[in-house]
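Welcome! Have a look at the picture before reading on.

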Amino acid sequence: MFGQGIAKGLWVTFRHFFNTYVDDIRYAGRKYLRQDNFSVRQGLQTQGAYTVQYPDEKLAVPERFRFVPFLVTEDQDPARMGEDWCTSCGICAKVCPPQCIWIVRGSDPVTKRPVPQPEAFFIDIDICMNCGFCAEFCPFDAIKMDHDYELASYDRTMHHIHDKEHLSKPLSYWKNIAPTTALEEAIDRGGWEHTDVLKTMKKAGQTATPPTKENMYPQHAPVLTEAVAEPVAEAVAAPVEAAPAKVEHPKATQGTEAKPTGEKKKFDKQAMLEKIRQRKTDK
Ligand code: SF4
Ligand code: SF4
């Protein structure tokens, strides 16, 4: 019949309009006044339309949501507390399509030999296109895609070049924002520990505890909310310029070119940031 589709469409619109008020009465104050009722408002029970009062209210993002990458640091093993999971292998910098990752490999302060740790790590988040390739290709599960999307600032030159201090977040943070993926990765690795630690354990004839949902948060780790909230808040609050001065480093290069030459050269963070900024301007 002519006009039947229009009538159906209008009926759907009217039903949502009407149900918005029904929902408001049904959940009354608890729907809008309590943060934990967001799940109700976003769930199947909600039938009407509602407005999210951003930034006072925020919708939860799905676990697979990805924004800019962050670097995983150890906060579970007391012997390796605060250590980077990144081994400075440079694979992420090599696969990054817009080439927005810069890595400086660390070196032993005494022997000057390279060590599997990044001395500096930069990501230009203006150029990053959130593809997640770096996280996919990292053989050590050391770089992950974050859920924090509120990164806007008034400075688009230096503030968006995130350094290692800014990028680093604890393993418990990753377990918290992506529990399913974190568990799958740990099962693939064969334990909650870093790949290198698991290899060492294997050589020593030790067996890692099989990863399960129940042992995701070991007893010696701080309470989850503290472990996650404080380091993240500090990391986000730290401006790029406020990073501590760096020590001697043989060579500063991009990505897989970060092979040490033995040549003693002072790593100048400001010069490196200026180089990245210049490249950004040229583009
Ligand atoms: S691929 Fe992983 S381990 Fe290698 S440099 Fe990138 S973050 Fe570090
Ligand atoms: S998410 Fe993609 S664009 Fe961004 S740093 Fe990783 S590889 Fe590069």
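Let's start inside the sheet: Ile123 has His162 of strand 5 as its bridge partner. Strands here are DSSP runs of E with at least two residues, helices are runs of H or I with at least four, and both are numbered from the N terminus. This is a predicted model, in which local features need pLDDT of at least 70, side-chain atom pairs count only at pLDDT 80 or more, and totals for chains, interfaces and linings use all residues. Residues are numbered from 1 along each chain as its sequence is written, while chains are lettered from A and ligands numbered from 1 in the order in which they are written.

- Three strands form an open sheet in the order 2-3-5, with antiparallel pairing; two strands pair if DSSP finds at least two bridges between them.
- Strand 2 (101-107) and strand 5 (161-162) stand at the edges with a single partner strand each, so one side of each has no neighbour in the sheet.
- Strand 3 (residues 114-124) is joined to strand 5 by two bridges, and Asp124 has Ile161 in strand 5 as its bridge partner.
- Six bridges link strand 2 and strand 3, which run antiparallel; Ile101 has Ile123 in strand 3 as its bridge partner.
- The hairpin of strand 2 and strand 3 has six residues between the strands, and Lys112 in this hairpin takes a positive phi near 65 degrees.

**The ligands**

- Ligand 1 is surrounded by residues including Cys86, Cys89, Cys92 and Cys138, where a residue is near a molecule if its C-beta atom, placed from the backbone, lies within 6 Å of it.
- The shell around ligand 1 holds nine nonpolar residues, three polar and no charged. Ala, Val, Leu, Ile, Met, Phe, Trp, Tyr, Cys and Pro count as nonpolar, Asp, Glu, Lys and Arg as charged, and the others, Gly among them, as polar.
- Around ligand 2 there are 14 residues, of which Cys96, Cys128, Cys131, Phe133 and Cys134 come nearest.
- The ligand 2 shell divides into 12 nonpolar residues, two polar and no charged.

**A residue in helix 1**

- Thr13 is found in helix 1 (residues 4-33).
- Thr13 counts as exposed because it has 11 C-beta neighbours inside 10 Å; exposed means 12 or fewer other C-beta atoms, placed from the backbone, within 10 Å of the residue's own.
- The C-alpha atoms of Thr13 and Ala49 are separated by 10.0 Å, and the two residues are 36 residues apart along the chain.

Terms used: A residue is buried if 20 or more other C-beta atoms lie within 10 Å of its own, exposed if 12 or fewer, and partly exposed in between; C-beta atoms are placed from the backbone.
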